[in-house]
Amino acid sequence: MAQTSEVVIVGGGVAGCAAAYFLSLAGVKATIVEREGISSQASGFSAGGLNPLEGSCIPGPLSALAMASFKLHKELWGTLSKETAIDFLSRIVSLTKVAFSEDEVPALQESLNLFEDARLEGFSGEWLHRSEVLKVESRLSEKLIGGVRLFGNATLNSLLYTQALAEAAQRNGATVRPGVARGVRLDNGRVLSVILGDGEIACDQVVLAAGPWSREAEQWLDISVPVDPLKGEILRLELHGPALGGDYNGAGASVYPRADGLVWCGTTEVDEGFNKEPTEAAKEKIWGAARELIPELAHANLIKHTACLRPVTPDYMPIVGRAPGWDNVYLSTGAGKKGILLSTGMGKATADLMTKGVTEVPLEGCEPERFAPSKRSESAAS
Ligand SMILES: Cc1cc2nc3c(=O)[nH]c(=O)nc-3n(C[C@H](O)[C@H](O)[C@H](O)COP(=O)(O)OP(=O)(O)OC[C@H]3O[C@@H](n4cnc5c(N)ncnc54)[C@H](O)[C@@H]3O)c2cc1C
């Protein structure tokens with residue numbers, strides 16, 4: 001007899017685990033189907049930065065969801081780490097962005113304005129002259145001309161955070177089912193079950209949260225889910241001497257001291273399809289830029305070099321909501337470079353829509369319908 005579950009979630013990355021967690025808070029027991037292990041892909045290897053005031057589509061259409069997600073993170077952390085006894089190393093961090101030429105100053109000024117405008121949300125910033133920047137961190141390159149110090153961003157370990165979401169969901173009745181989702185059984189606008197490589201799970205509702213592999217569902221449901229992989233690499237370096245006192249950005253490098261005692265340096269953005277192998281070229285590029293910013297990093301030891309795939313959409317906005325033309329299928333995917341930050345907003349919104357039909361999470365610009373409608377809904381309309 002087929003297994004049954006109220007909800008099947010395809011994908012055990014941060015998007016799927018957050019959906020399972022928020023569903024569990026609403027009393028809904030989901031089954032997460034994951035083929036390579038919880039948080040085994042990008043969710044387990046990201047930089048874990050929670051920066052709601054910068055990135056693709058910010059300021060812009062992603063701003064409201066980014067800030068709402070950031071607030072949800074801060075509300076969630078205490079409960080989640082207490083419930084699971086997993087310390088996912090969340091904390092507030094400072095970010096110093098430096099300029100090496102006058103051309104770079106307007107972008108820094110823009111960042112400063114954004115942080116100052118968000119004072120009510122706990123952000124702030126200040127302009128630093130060259131000597132003041134070097135007082136903050138004397139190992140920064142002497143070639144810099146000035147910078148901004150920004151306060152209020154946060155960081156966490158995304159591997160542990162995703163595991164904590166999965167663990168808390170399981171404590172509330174969710175299940176993790178290792179397996180490969182290969183298709184769905186359909187009847188009259190509804191999914192009846194998810195077909196796995198080694199079985200089948202009958203369900204009332206489905207969440208597709210398969211990250212950069214989300215296009216697999218296009219054939220199952222005849223819908224458009226334009227999510228593609230964008231490879232990114234990170235170096236984890238051991239820097240001798242005292243720990244860096246915050247995150248640093250400049251000369252094309254992003255340098256983050258992490259709670260594991262290592263300095264994480266990133267990152268690249270390369271379209272290489274589903275190739276996840278770290279490359280020498282990326283290592284040279286990242287390390288070269290990091291050395292420009294902090295020359296002493298030239299003498300650091302390379303401890304780990306990782307590569308993983310961001311799930312990106314053509315407009316860099318995530319896809320969240322009911323799949324066009326299907327009564328009981330929801331999408332929570334395509335969060336691109338911001339998936340750890342957006343996980344709380346996307347997970348809560350998905351659970352709200354599935355259990356109440358509405359959500360207060362601002363989802364403008366994330367609607368699945370903005371991409372080509374499914375042939376199914378077109379033929380239903382004609
Ligand atoms: C280098 C780098 C740095 C990053 N830094 C940050 C950052 O600082 N802050 C931030 O917010 N974001 C960051 N990101 C982005 C973030 O990591 C991603 O947006 C996020 O992890 C995507 O989560 P996801 O759950 O959608 O996808 P994934 O983590 O890829 O999870 C999808 C899961 O679905 C599973 N799956 C797929 N198909 C099937 C199937 N058919 N059956 C069963 N299982 C299936 C996969 O095995 C996978 O585990 C970074 C990304 C990269 C690459």
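Tutor: We begin with domains, whose bounds come from an automatic or database domain assignment. For this protein chain the assignment gives domain 1 (3–51 + 159–226 + 314–381), domain 2 (91–154) and domain 3 (228–312). This is a predicted model, in which local features need pLDDT of at least 70, side-chain atom pairs count only at pLDDT 80 or more, and totals for chains, interfaces and linings use all residues. Residues are numbered from 1 along each chain as its sequence is written.

Student: How many residues of domain 2 are in contact with domain 3?

Tutor: Two residues are in contact if their C-beta atoms, placed from the backbone, lie within 7 Å. Here 13 residues of domain 2 are in contact with 13 residues of domain 3. On the side of domain 2 that touches domain 3, seven residues are nonpolar, three polar and three charged. In this classification Ala, Val, Leu, Ile, Met, Phe, Trp, Tyr, Cys and Pro count as nonpolar, Asp, Glu, Lys and Arg as charged, and the others, Gly among them, as polar. The C-alpha centres of domain 2 and domain 3 lie 20 Å apart.

Student: Which residues come nearest to the ligand?

Tutor: A residue is near a molecule or strand if its C-beta atom, placed from the backbone, lies within 6 Å of it. Of the 42 residues around the ligand, those that come nearest are Gly11, Gly13, Gly211, Gly232 and Gly339. Among the elements that give two or more residues to this shell are helix 1 (14–25), strand 11 (228–238) and helix 9. Helices (H or I, at least four residues) and strands (E, at least two) are DSSP runs, numbered from the N terminus. By class, the shell holds 18 nonpolar, 17 polar and seven charged residues.

Student: Why does the ligand lie between domain 1 and domain 3?

Tutor: The ligand lies between them because domain 1 and domain 3 both give residues to the shell around it.

Student: At what angle do helix 3 and helix 9 pack?

Tutor: Axes are lines fitted to C-alpha atoms, for helices over the stretch in contact, and angles run from 0 to 180 degrees between N-to-C directions. Helix 3 (residues 63–84) packs against helix 9 (residues 339–356) at an angle of about 90°, and their axes are 7 Å apart. Helix 3 is therefore roughly perpendicular to helix 9. Angles under 35 degrees count as roughly parallel, over 145 as roughly antiparallel, 65 to 115 as roughly perpendicular and the rest as oblique. Among the residues that meet are Phe70 and Leu76 in helix 3, and Leu341 and Lys348 in helix 9. The contact comprises eight nonpolar, four polar and one charged residue.

Student: In which sense do strand 1 and strand 10 pair?

Tutor: Two strands pair if DSSP finds at least two bridges between them. Strand 1 (residues 3–10) pairs with strand 10 (residues 199–208) in the parallel sense over seven bridges, and Ile9 stands opposite Val207 in strand 10. Strand 1 also pairs with strand 2 in the parallel sense, over four bridges; there the bridge partner of Ile9 is Ile32.
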